[in-house]
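Student: Please take one part of this structure and look at it closely. I would like a single connected explanation, with the terms given as they come up.

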Amino acid sequence: MTTKPARPEPEPFDLRSHDVAADKRAELLRLFPEARTEGGHINVKQLLRALGEAVDPPGRERYGMVWPGKADCFRPSSSPASAPCSRTATRASTSTPPRT
């Protein structure tokens, strides 16, 4: 009886798939670092703000750091600028009376 020569064992394949979603998340965070949370995840509302989308209705802030126009400060710089407020309009919005 003749025996066949032993075949070498084939190298095992890596059966893990490439994580395309992780690549997309990394690219979003590279393009929009302001959308990154402390845990390294993506804050979707902050990403939408960076893209110029309205997220919350005006005047409805979720956190304690609130000031008038906070949501507007996240508009992209490419959007048309509004006219600056006049000095009297700025004074009228504060609680201190104007100095004479």
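Tutor: Leu48 is partly exposed, because its relative accessible area is 34% (buried is under 20%, exposed over 50%, partly exposed in between, with a 1.4 Å probe and protein chains only). This is a predicted model, in which local features need pLDDT of at least 70 and side-chain atom pairs pLDDT 80 or more, while totals for chains, interfaces and linings use all residues. Residues are numbered from 1 along each chain as its sequence is written, and side-chain values use heavy atoms, without hydrogens and water.

Leu48 belongs to helix 2, which covers residues 44–50 (helices are DSSP runs of H or I with at least four residues, strands are runs of E with at least two, and both are numbered from the N terminus). Together with Val44 and Leu51, Leu48 makes a nonpolar surface patch of about 250 Å². A patch takes residues with over 30% relative accessible area and no salt bridge, joining like charges within 9 Å and nonpolar side chains (Val, Leu, Ile, Met, Phe, Trp, Tyr) within 5 Å.

Gln46 is in helix 2, and Gln46 counts as buried because its relative accessibility is 12%. Arg49 is also a residue of helix 2, and its relative accessible area of 17% is why Arg49 is buried. The side chains of Gln46 and Arg49 are joined by a polar contact of 3.1 Å (N or O atoms within 3.5 Å, one able to donate a hydrogen and the other to accept it within protein; sequence neighbours count only through side-chain atoms on both sides).

Next comes the loop between helix 2 and helix 3 (87–93), where Gly52 is found. Gly52 counts as partly exposed because its relative accessibility is 42%. Between Gly52 and Asp72 there are 9.3 Å in space, C-alpha to C-alpha, and the two are 20 residues apart in sequence.

Helix 1 gives some background. With twelve residues, helix 1 (residues 20–31) should span 16 Å at 1.5 Å a residue, and the 17 Å between its end C-alpha atoms agrees (the expected span is 1.5 Å times one less than the number of residues). At its start, a side-chain oxygen of Asp19 comes within 3.4 Å of the backbone nitrogen of Ala21.

Helix 1 also holds Arg30 and Glu27, three residues apart, about one turn of the helix. Arg30 and Glu27 form a salt bridge, with 2.6 Å between the closest N and O atoms (a side-chain nitrogen of Lys or Arg within 4 Å of a carboxyl oxygen of Asp or Glu). Side chains of opposite charge can pair when their charged atoms come close. Arg30 counts as exposed because its relative accessibility is 55%, whereas Glu27, with a relative accessible area of 35%, is partly exposed. The whole structure has two salt bridges. Arg16 forms one with Asp14, with the closest N and O atoms 3.0 Å apart, and both Arg16 and Asp14 are exposed.

Finally, the chain as a whole. The protein chain has three helices and zero strands, in the order α-α-α along the sequence. Of its 100 residues, 9% are buried.

Technical notes. Accessible areas come from the Shrake-Rupley method with a 1.4 Å probe; for residues, only the protein chains shown count as cover.
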